[in-house]
Amino acid sequence: MERQLQETDKLLRLVATLIARNKPGVNLRLIGGLRYRLLDNSQRLSTDIDYHCESPLEAKQKEVLEFCQRVAVREVKRLLGYEGRASARTGPDADSPSAKFVDLRFWKHGIAVEVPVEITNIARLDPPTVRTVEGTVYSTPSDADVIEGKVLAVFNRPFLQHRDLVDLFLFESQLVPDSAARLKRKFDSLQLRPEPVFKRLRDLETHSDYHAKSIQKVIDQQMEPAAAAQINAGGGGTMVLMRAVAVLQRLCGSL
């Protein structure tokens, strides 16, 4: 498992770098776990690449797909020795108007790695910014918009992803003093009413054992070993859940 995650991390970094350094990366804003991993030195290893895009999603998906088929797969083979292919996602996810996907698959010597690329549109209030890593320029939303996007994901996803709670725990400091008011504006823009928000909060409290165990799985499987050991010494999944729920209650109390 550890080797698989290390190889996945290596491939995610390379694909994201290739996209950022070429034309398809223009107007793609890096978000999600890999954004934190690449730009903020997160100790949680991501398993996909997420982008915010304000141009038509389907057109950008086609551009990214063609680039991955023509350039990224070749460069991954040259630099890392993996065979690979890229395709547009098919099935129920492919029909979503709010997200488009490009799926990359790489393999060598018995190792197979999937690299999903999601292109979506998040609610944001700030202008985008640029960050650099080893000379590569990455466009990304503001820190506040990205961490507030994690809060929105907790309430707006049909099925809760516990990695969002872990990232909220890790990057709570990127919230700004008026994040509660900013989130209220974003909830309104998404037509996300208070009822489902409070329903999910109640679920996090009522079924805390389940959620703590799910968070623990993220800690054990996706955190760097030293970071996982530190978190576990401080209370593990239960502690992370309590901290995240406290933040969510503070931010959503005035809805």
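These legends go with an overall view and several close-ups of a predicted model.

Figure 1. If you're new here, start with the overall picture: 10 helices and 7 strands make up the secondary structure of the protein. Its C-alpha atoms fill a box of roughly 50 × 40 × 35 Å along the principal axes. With 255 residues, a compact globule would have a radius of gyration near 18 Å, and the protein agrees with that at 18 Å. Of those 255 residues, 50% count as buried. Take the contacts between residues at least 6 apart in sequence: 68% of them join residues at least 24 apart.

Figure 2. Nonpolar side chains in soluble globular proteins tend to be buried together. Here the largest nonpolar core has 40 residues, and F155, L165, F187, L204 and L248 are the ones with the most contacts inside it. Helices α4 (143-156), α5 (162-170), α6 (179-189), α7 (194-206), α8, α9 and α10 (236-252) each put in at least two residues. The top contributor is α10, which gives 9 residues to this core. There is also a second, separate core of 35 residues, with L34, F67, V76 and Y138 among them.

**Figure 3. A closer look at L165.** Which residues does L165 touch, once its neighbours within four places in sequence are left aside? The contacts of L165 are V154, L160, L204, I215, V240, L241, A244 and L248. Two names on that list, L204 and L248, also sit with L165 among the residues with the most contacts inside the largest core.

**Figure 4. Helix α4 meeting helix α10.** A pair of packed helices is described by the angle between their axes and the distance between those axes. For α4 and α10, the angle is about 95 degrees and the axes are 12 Å apart. Angles from 65 to 115 degrees count as roughly perpendicular, so that is how α4 and α10 lie to each other. On the α4 side, V151, V154 and F155 make the contact, while α10 brings L248, L251 and C252. By class, that contact has 6 nonpolar residues, with no polar and no charged ones.

**Figure 5. Helix α8 alongside helix α9.** Helix α8 (residues 208-222) and helix α9 (residues 225-233) pack at an angle of about 150 degrees, and their axes are 8 Å apart. Angles over 145 degrees count as roughly antiparallel, so α8 and α9 are roughly antiparallel to each other. In this view, look for Q216, I219 and D220 of α8 meeting A228, I231 and N232 of α9.

Figure 6. Q222 belongs to helix α8. Is Q222 buried or exposed? Its relative accessible area is 15%, and buried means under 20%, so Q222 is buried. Apart from its neighbours within four places in sequence, Q222 is in contact with L5, Q43, R44, L45, R163 and K217.

**Figure 7. K77 in helix α3.** Our last stop is K77, found in helix α3 (residues 57-80). At 45% relative accessibility, K77 counts as partly exposed. Not counting residues up to four places away in sequence, K77 touches Y82 and E83.

How values were computed
Residues numbered from 1 in each chain as written. Predicted model: local features only at pLDDT ≥ 70, side-chain atom pairs only at ≥ 80, totals over all residues. Heavy atoms only, no water. Helix = DSSP H or I, 4+ residues; strand = E, 2+ residues; numbered from the N terminus. Buried < 20%, exposed > 50% of the residue type's maximum accessible area, 1.4 Å probe, protein only. Contact = heavy atoms within 4.5 Å. Axes fitted to C-alpha atoms, helices over the stretch in contact; angles between N-to-C directions. Parallel < 35°, antiparallel > 145°, perpendicular 65-115°, else oblique. Core = buried A, V, L, I, M, F, W, Y, C linked by side-chain atoms within 4.5 Å. Rg over C-alpha atoms; globule rule 2.2 N^0.38 Å. Nonpolar A, V, L, I, M, F, W, Y, C, P; charged D, E, K, R; others polar.
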